[in-house]
Structures are given as structure tokens and as C-alpha cells.
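Let's take a friendly walk through a protein model, piece by piece. Keep the picture beside you as you read.

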Amino acid sequence: MSAAIEVKGLKKSYGRHTVLKGLSFNVLKGEIFALLGVNGVGKTTALECIEGLRKYDSGSIVVNGKMGIQLQSSSLPANIRPLEAVRLFAKWNKTQANPAMLASLGISEFSEKQYAALSTGQKRRLHLALALISDPDIIFLDEPTAGLDVEGRVSLHGQIRELKAQGKTIILASHDMAEVESLCDRIAILNDGTLFFLGSVAELSAKLGKRYTIHIKTAQGDKSFVSDNIAETMLALLEDFRLRNIEVLDIKIDQGNLEQHFMNIARGNIK
Ligand SMILES: Nc1ncnc2c1ncn2[C@@H]1O[C@H](COP(=O)(O)OP(=O)(O)OP(=O)(O)O)[C@@H](O)[C@H]1O
């Protein structure tokens, strides 16, 4: 698959503070890709360099396609109505909004309300519509579902998947690991100005090794154990409970998920 975005050796400092120390990665055409890392690691800086909104010191960035950007902080005048905003953005882009796109985002349901009176979900849908007006090939979404209820989140996830089905490339910044895990084809984890990991969630789990959490409910209370070797740990635990005459009522085993891996990296438990 060819690259929608090619970042090579990207370096960026703010004064004496070096944030990006030679970042390199490709985003493939048609994939949903997430940039992850703890607060302040440089995700926004990297995205803004790619979007052309921020100057960088050295390195190269190639973007193969038209970009559409949905900024998290983007906000419109309080009294503008959604369709006015759509017309304004269409005029800037010297185009007309695609009615099918507006219909799929349900803009007409709230088109007569003023911007300030829209719910968080309606604002997000409007911002997404504005990012899509120019019919971009590559869409940047910054925390697209932050603050949404479950229904709003599920609906927006459906719309993001629909964009992928149309062949769009999507780059996501999100702090919601469950969202990233369910939506993204590949992730990049930044750590200390460079790339800690690039690949799928499954590849991340394989790289870090499987860590299981065993939750055991006994007549004397609940306990959790972390293990790399599930069979060995289970046998030892059950033998221990048997010897101590403790009745085991229930056992649950969790495989490490992205959230746990991410927290381990963020806490410096994994290098
Ligand atoms: N305009 C700026 N001038 C000086 N320092 C900046 C500027 N913008 C960002 N920084 C610093 O650069 C570092 C990276 O910031 P950036 O916003 O890129 O991180 P981030 O990973 O997107 O963080 P978050 O998850 O909190 O959004 C931080 O230490 C931040 O304080």
C-alpha cells in the first residue's frame, strides 16, 4: 500500500526544549492511524507540522493528497447556524458541500439552531462536516469523540469507519485507548521525541509479551494476580488455595489491552 504521509527525521525544538528528535513514520493510504503518547510528548506538534500549521527545524514531510482538518479546539461564532457555517466553509474552499455527506452526519436535524445551543455531539458532527467539505483524501481528527455519550460515540465511530470504507486516510489523536483499539489499523507511540512503537495493536501486544491479569473470587474475598505464564501461575494459585482450604468461586482472565500496555510505557515500566 502506498503512503499518504511520509515523515522522515522530523526535528522540532521550542527554544532550548527539543520536542521531536528525528521522528520518522509513514501513514498508509486508506488506513486509520493514531498518534499516541503521554501529555506533552509532542503529538500535536507533529500533527501541526504535517498539517503545515507549524514550522519544523529539519527533516522532511510529504503529504500525498488533500487534507481535511478537524481541530478539537475549533469553535465558531456563538450565533452562527450550522448551514451558514457549512456555506461559509464551502465558499472558502471554492466548492459546494456534498448533500449526502451532510445527510449522513445528520446536520439537517439541528441546522436551524445557533452554534452555542448545539450539544457536544452536534458540534462534533458539524466540525467533522466542515473538515469534509473539501472532499479531502486525508482527514485529521483530534479527539473526535471526547465528551460524547455512548450513543454519540458509537455513531461517530460508524461515520469514521464509513470514511475509511470510502478510501479516506484518517489520522486520529485520542486519549481513549478503547477507541484507538477498536478503530485503528495501526498506531504510533511517541516517547522522548522519537518513535517507541509503530504497528498494529496486536503487534504491540506481541512485542511487549502477553501479560495476563487473573482475577480470583474466593469465599474469603477477591484477589488479582499478574502473570506472564498463565498455566504455571494458575496451577500454583489453585494448589495454594487447595492447601489452605480456600474455596474458589470464580476465575476471570484478562489479556493485556492497549490501555494497560500504554500505561506501562507511559510509566516507564517498559523500554
Ligand atoms: N508554542 C509553543 N511554545 C513553546 N513550547 C511549546 C509550544 N507548543 C508546545 N510546546 C511544548 O512542547 C511540548 C509538546 O507539546 P505538544 O502540545 O506537541 O504535546 P502533546 O503530546 O500534543 O500533548 P497533549 O497530549 O497534552 O495534547 C510540551 O512540553 C509543550 O509544553
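Helices (H or I, at least four residues) and strands (E, at least two) are DSSP runs, numbered from the N terminus. Two residues are in contact if their C-beta atoms, placed from the backbone, lie within 7 Å. Axes are lines fitted to C-alpha atoms, for helices over the stretch in contact, and angles run from 0 to 180 degrees between N-to-C directions.

Before going further, please note that this is a predicted model, in which local features need pLDDT of at least 70, side-chain atom pairs count only at pLDDT 80 or more, and totals for chains, interfaces and linings use all residues. Residues are numbered from 1 along each chain as its sequence is written.

Strands count as a pair if DSSP finds at least two bridges between them.

Strand β10 (residues 212–218) and β11 run antiparallel and are joined by 7 bridges. The two strands form a hairpin with 2 residues between them. Which residue of β11 stands opposite Y212? That is S227. Further along, I216 has K223 in β11 as its bridge partner.

**The whole protein**

Now zoom out. The protein has 9 helices and 12 strands, and its C-alpha trace spans about 75 × 45 × 35 Å along the principal axes. Buried residues make up 27% of the 271 residues. Among contacts with a separation of 6 or more, 69% come from residues 24 or more positions apart.

The domain assignment gives domain 1 (3–65 + 137–205), domain 2 (77–132) and domain 3 (212–255). Such bounds come from an automatic or database domain assignment. Between the C-alpha centres of domain 2 and domain 3 there are 53 Å.

**The six-stranded sheet**

Another open sheet has 6 strands in the order β5-β6-β7-β3-β8-β9, with mixed pairing. Its edges are β5 and β9 (194–199), each with a single partner strand, so one side of each is left without a neighbour in the sheet. Neighbouring strands here are turned by 15° against each other on average, direction ignored.

Strand β3 (residues 32–36) runs parallel to strand β7 (residues 169–173), and 4 bridges join them. In β7, L35 finds its bridge partner in A173. Helix α1 (residues 43–51) lies across β3, β5, β6, β7 and β8 (186–191), at about 135° to β3. Helix α4 packs on the sheet too, touching β5 and β6, and its direction makes about 160° with that of β5.

Here are the strand pairs with their bridges.

| Strand pair | Bridges | Direction |
|---|---|---|
| β10 and β11 | 7 bridges | antiparallel |
| β1 (residues 3–14) and β4 | 5 bridges | antiparallel |
| β3 and β7 | 4 bridges | parallel |

Strand β4 (residues 58–63) has 6 residues and the number buried is 0, so β4 lies largely in the open.

**The core**

A nonpolar core is a set of buried Ala, Val, Leu, Ile, Met, Phe, Trp, Tyr and Cys residues joined through C-beta atoms within 7 Å. The largest one has 52 residues, of which A129, I170 and L172 touch the most other members. Helix α4 (residues 120–132) gives the most to this core, with 6 residues. At least three residues come from each of domain 1 and domain 2.

What does I170 touch? Leaving out residues up to four places away in sequence, I170 touches I32, F33, I139, L141, I160, L163 and K164.

The buried residues of α4 include R124, L126, A129 and L132. They pack against β5 (67–70), α2 (82–92), α3 (99–104), β6 (138–142) and α5 (150–165).

How values were computed: A residue is buried if 20 or more other C-beta atoms lie within 10 Å of its own, exposed if 12 or fewer, and partly exposed in between; C-beta atoms are placed from the backbone.
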